[in-house]
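Dear colleague,

Please find below the structure that I am handing over to you. My notes on what was found in it follow directly after.

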Amino acid sequence: MNITALKPFKITWAVLLCTFFSALAHAQENLYIPLETQHNALVLSVSNSHDLNIAYYGKRLNSDKEYSSVLRQYNQTGDYSQVLDAAYTSAGSRNLMEPAISVIHADGNTSLSLKYISHKVEDLDENISQASIKLEDTAYGFNVSLYYKLYKKEDVIEQWSELSHNEKGPVELTKFASGNLYFRDAQYYLTQYHGDWAHEMNPETSLLTHGIKTIDSKLGTRANLFQPSVFMVAMDQPATEDEGTVLFGAMEWSGNFKIDLELDYRDNLRLIAGMNNYASSYKLEKGEIFETPKFLHLLSHNGKGEASRKLHSWAKDYKLLDGNGERLTLLNNWEATYFDFEEKKLFELLKDTKELGVDLFLLDDGWFGNKYPRNNDDAGLGDWQANKRKLPNGVSSLVKEAGENGVKFGIWIEPEMVNPESELYHEHPEWVIKQPKRKEHYFRNQLVLDLSNPKVQDFVFNVVNDLFLENPELAYIKWDCNAVIYNAYSSHLDKQSHLYIDYVKGLYNVLERIRKKYPKVPMMLCSGGGGRVDYAALEYFTEFWPSDNTDPLERIFMQWEYSYFYPAISVANHVTEWGKQPLKFRVDVAMMGKLGFDIVVGELEQKDLQFVQHAVKTYDDIKQIVWQGDLYRLSDPKNTDFASLMYVNEEKDQAVVFNYLVNNRYGQGSKRPVKLGGLDPEKRYRIQEINLYPGTSSYIDSNQVYSGDFLMKIGFNPKVGKGKESVLLKVEAVR
Ligand code: DGJ
C-alpha cells in the first residue's frame with residue numbers, strides 16, 4: 001500500500017501582521033494538513049500548542065501553500081479559548097461550546113484536552129485516500145484517532161473516530177461524535193426533514209440563527225420515523241438545483257443519532273454529527289477500542305443537483321449493495337390480501353405474477369404462527385413457522401409453484417420484533433426489550449427483541465438462514481421493522497446505557513453474517529414505510545421502502561426529496577390502490593425508481609391489464625437509464641404546477657423525462673418549456689412519448705429533431721395538463 005505522508009508546511013510568525021483578533025486566534029498555527037478531493041479541500045491545522053483545528057473547508061486551491069493564508073483574510077472577533085474551530089471539540093477544558101467528545105476519566109475527572117500527535121495518509125486506490133490523525137490527552141493517556149476517507153472523484157468525505165485509553169480503570173464516554181466540521185460563511189440555510197408514518201420526507205429550510213439547532217432521533221429502531229439523519233446546509237444563500245454551495249450530510253447509522261449545528265458568537269458554524277449520546281454513556285475498558293459510525297458529507301459548489309448526482313454515483317460504487325447490478329420487478333400481495341390468504345389464493349397470485357410479466361412474487365406479512373396465528377397484527381410475530389391452515393404444504397410448496405410459473409419467490413419477515421401473543425415471547429421473555437418494573441407499552445402491538453444479546457442475534461440470523469436452507473431458491477427478502485424501542489432495558493446487559501448502541505451493533509452483526517453466507521440475494525429495507533434508511537444499512541440491502549403511502553401524488557413529492565440522497569435503483573415504488581389518480585399516473589410515478597405492483601391483477605379491466613403488461617416491458621427498456629443514469633430535477637412540484645425529472649445515460653444518447661401534473665386547478669399545466677439537463681449540446685435528439693394508455697395518442701411530434709443545445713437552453717414542453725396528467729418522454733440521440 002502506498003503511504004504518502006501529507007505535505008505539511010510551516011508558516012512564519014508573519015501571521016502576526018494580521019489583525020489582533022485573528023492573530024489571537026491563529027498566530028500560532030504552524031502545520032497545515034490539506035485533505036483534498038477533486039474539487040474541495042478540508043484543511044486541518046496544528047497550532048504551536050498542538051491543537052488540531054479546522055482552517056478551511058471549501059474549494060480546493062491550486063497551490064496548497066496558500067491554505068495558510070486563508071485565515072488571515074478573516075477579521076472576526078476573538079477566539080478566546082482558541083479551540084472554537086477544533087477538529088474534534090473536547091469537553092471540560094478550554095472549550096466553551098458543544099463538544100464532539102466528553103468523557104469521565106477513571107479517576108472521575110471530566111476534563112479532556114486532545115493534542116495532535118501524528119498523522120498519515122494512505123492511498124487506498126486511485127480514487128480513495130484515507131487520512132488518520134492521532135490525538136492524545138497526555139495528562140490521562142486517552143487517545144483519539146480521527147479518520148477521513150476521501151472519495152476524490154465524488155468529493156465525498158466519510159469521517160469517524162476511534163477512542164481508546166490507557167487509564168487505570170474504565171472510562172465513561174458521555175459523548176462520542178463521528179465528525180466535527182467548522183464553516184466560516186456569511187449565512188447558513190439548513191434543509192432538514194420531518195415525517196411520520198405515511199408522511200415521510202417533508203423538507204423544511206430555515207436560516208440558522210445563533211445557538212444550537214439539533215436534528216436527532218431517540219427511537220432506537222426505525223430511527224428515521226420522525227426525522228431522518230440526512231440534511232443539507234447551503235452556504236451564504238439558499239442553493240438551487242444548479243447554483244450555490246451546499247453541503248449534504250448524513251449519518252451512516254441505523255440507530256439514535258444527533259446532529260448539532262451551532263452558530264457561534266463569531267457567526268461561524270460548528271457541525272457535530274454522531275450517534276446520539278442520549279441515555280447512552282459507554283463504559284470503555286483499558287485497551288478496548290470504541291469505533292464510531294461514519295458521518296458522510298459532500299460539498300458541491302454547483303447546487304443540489306450536482307451534489308445528489310455525486311452522492312448517487314458514490315452510493316452505487318461504494319455503499320449500496322449491488323449498486324450497479326440488476327433489480328427484480330415484483331408483485332406484492334400486501335394490499336391485495338392483507339392477512340387474508342391461503343395456499344390456493346397465493347397460487348392464483350403466482351399466475352398473476354406471470355401474467356403481469358414481472359420477475360418475482362413477494363409474499364408479505366401473515367404467513368406464519370400456529371399457536372398464535374398471524375391473522376392480524378396482534379399476534380404471531382416471532383414464530384417463524386408457516387401457518388399450517390394457510391400454508392399446509394409450507395413455504396416450499398409456494399417456492400416450487402412459483403418456479404413452475406416461471407417466476408421467482410420472495411418473502412416478508414420482521415425478525416427483530418415479537419408480539420406478546422407469541423410462543424417466542426412466552427419461551428424467552430428475557431429476549432425482549434422491556435422494563436422489569438413497568439407496564440409494557442406497544443407500538444403496533446409489538447415489542448423489540450434485544451439484539452445486544454448474542455443469543456438473540458443467533459435467533460434473528462436463523463430466521464433468515466432457515467428460510468434459505470429450506471428454500472434454496474428463495475430469491476428476495478423484505479425485512480420490515482415496525483416498532484420503536486419503548487422502555488429501553490436489556491436483561492442481558494450489565495450496563496443499561498449500552499443498549500441503544502449495542503442493539504445496532506448486534507443488528508449489523510446479524511446482517512454481516514447473512515451477507516457472508518448470502519452475498520447478493522436482494523433484500524428490501526422496510527420499516528413500516530420509510531422509518532429506516534441510511535447508508536450503513538444499505539450496505540446490506542439492495543433497496544428500501546420509502547413509505548407505506550403510495551398515493552402517487554404524495555409520492556411525487558416524497559420521491560423528489562428522497563432523490564437528493566438515494567439513487568433511483570434503491571427506491572422501491574409499488575403501484576397500489578392508494579390515491580384517486582388513473583392507473584397510468586400511478587404506474588408512471590412508480591417507474592421513477594424500482595418498479596413493483598401491489599394490486600389485484602385478476603380484477604383489472606382488459607385495457608388496464610394490457611396497459612400494465614406493456615408498462616412492465618417499457619420499464620425493462622428504460623430501467624438501466626433510470627437506475628444508472630444521472631438525475632436532473634427540472635421542475636419542482638413544490639413551486640410549480642408539475643414535476644419534471646430526467647435521467648440521462650452516461651453516453652448522453654438516451655434519457656427519460658418523467659412529468660406529472662400536481663395542481664388540478666383550471667388550466668394548470670406546463671405553460672412554458674422545461675429546460676432539459678445533462679445532454680450533449682452537439683448531439684441531435686428525437687423525443688417520443690412512451691407508456692401511453694391503450695387508445696390514447698400523444699401530443700408530441702416524435703419526428704422533430706432538436707439539438708442538445710436547444711433542449712438545454714430553450715427546453716421542451718412535455719404538454720402536461722388536464723387529460724395528460726402524466727407524460728413519460730424518451731429522448732434518444734439521432735445517429
Ligand atoms: C409495514 C410495511 O411497510 C408494509 O409494506 C407491510 O409489509 C406491512 N408492514 C406488513 O405488516
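**An aromatic pair and its surroundings**

Tyr318 is partly exposed, with a relative accessible area of 27%; buried here means under 20% relative accessible area, exposed over 50%, and partly exposed in between, with a 1.4 Å probe and protein chains only. Please note that this is a predicted model, in which local features need pLDDT of at least 70 and side-chain atom pairs count only at pLDDT 80 or more, while totals for chains, interfaces and linings use all residues. Residues are numbered from 1 along each chain as its sequence is written, and side-chain values use heavy atoms, with hydrogens and water left out.

Rings of Phe, Tyr and Trp (its six-membered ring) are taken as a pair if their centres lie within 6.5 Å; planes under 30 degrees apart count as stacked, over 60 as edge-to-face and the rest as tilted. By this rule the count comes to 40 aromatic pairs. One of them joins Tyr151 and Tyr318, whose ring centres are 4.8 Å apart with planes at 55 degrees, so the pair is tilted. This pair links distant parts of the chain, since Tyr151 is in strand S8 (residues 142-151) and Tyr318 in helix H2 (residues 303-319), 167 residues apart. Helices (H or I, at least four residues) and strands (E, at least two) are DSSP runs, numbered from the N terminus. Tyr151 is buried, at a relative accessible area of 2%.

The rings of Tyr706 and Phe716 have centres 5.5 Å apart and planes at 85 degrees, so that pair is edge-to-face. Tyr706 belongs to strand S35 (residues 705-707), and Phe716 to the loop between helix H12 (708-713) and strand S36 (726-733). Both Tyr706 and Phe716 are buried.

Tyr151 and Tyr318 also belong to one aromatic cluster, together with Trp314, Tyr535, Phe544, Tyr562 and Tyr566.

**Charges over rings**

A charge sits over a ring if NZ of Lys or CZ of Arg is within 6 Å of the ring centre and within 35 degrees of the ring normal. Arg513 lies over the face of Phe461, at 4.3 Å from the ring centre. The charged end of Lys724 is placed over the ring of Tyr699, 5.7 Å from its centre.

**The ligand**

A polar side-chain atom of Asp548 lies 2.4 Å from an oxygen atom of the ligand, and one of Arg444 lies 2.8 Å from an oxygen atom of the ligand. For Asp480, a polar side-chain atom is 2.7 Å from a nitrogen atom of the ligand. The protein covers 98% of the 290 Å² of accessible area that the ligand has on its own (Shrake-Rupley method, 1.4 Å probe).

**Buried positions elsewhere**

Ser254 lies in the loop between strand S15 (245-252) and strand S16 (257-263), and at 3% relative accessibility it counts as buried. Its side chain makes a polar contact (a pair of N or O atoms within 3.5 Å, one able to donate a hydrogen and the other to accept it) of 2.6 Å with the side chain of Tyr508. A further polar contact, of 2.8 Å, joins the side chains of Ser254 and Asp534.

Helix H10 (residues 583-590) is mostly covered, with eight of its eight residues buried.
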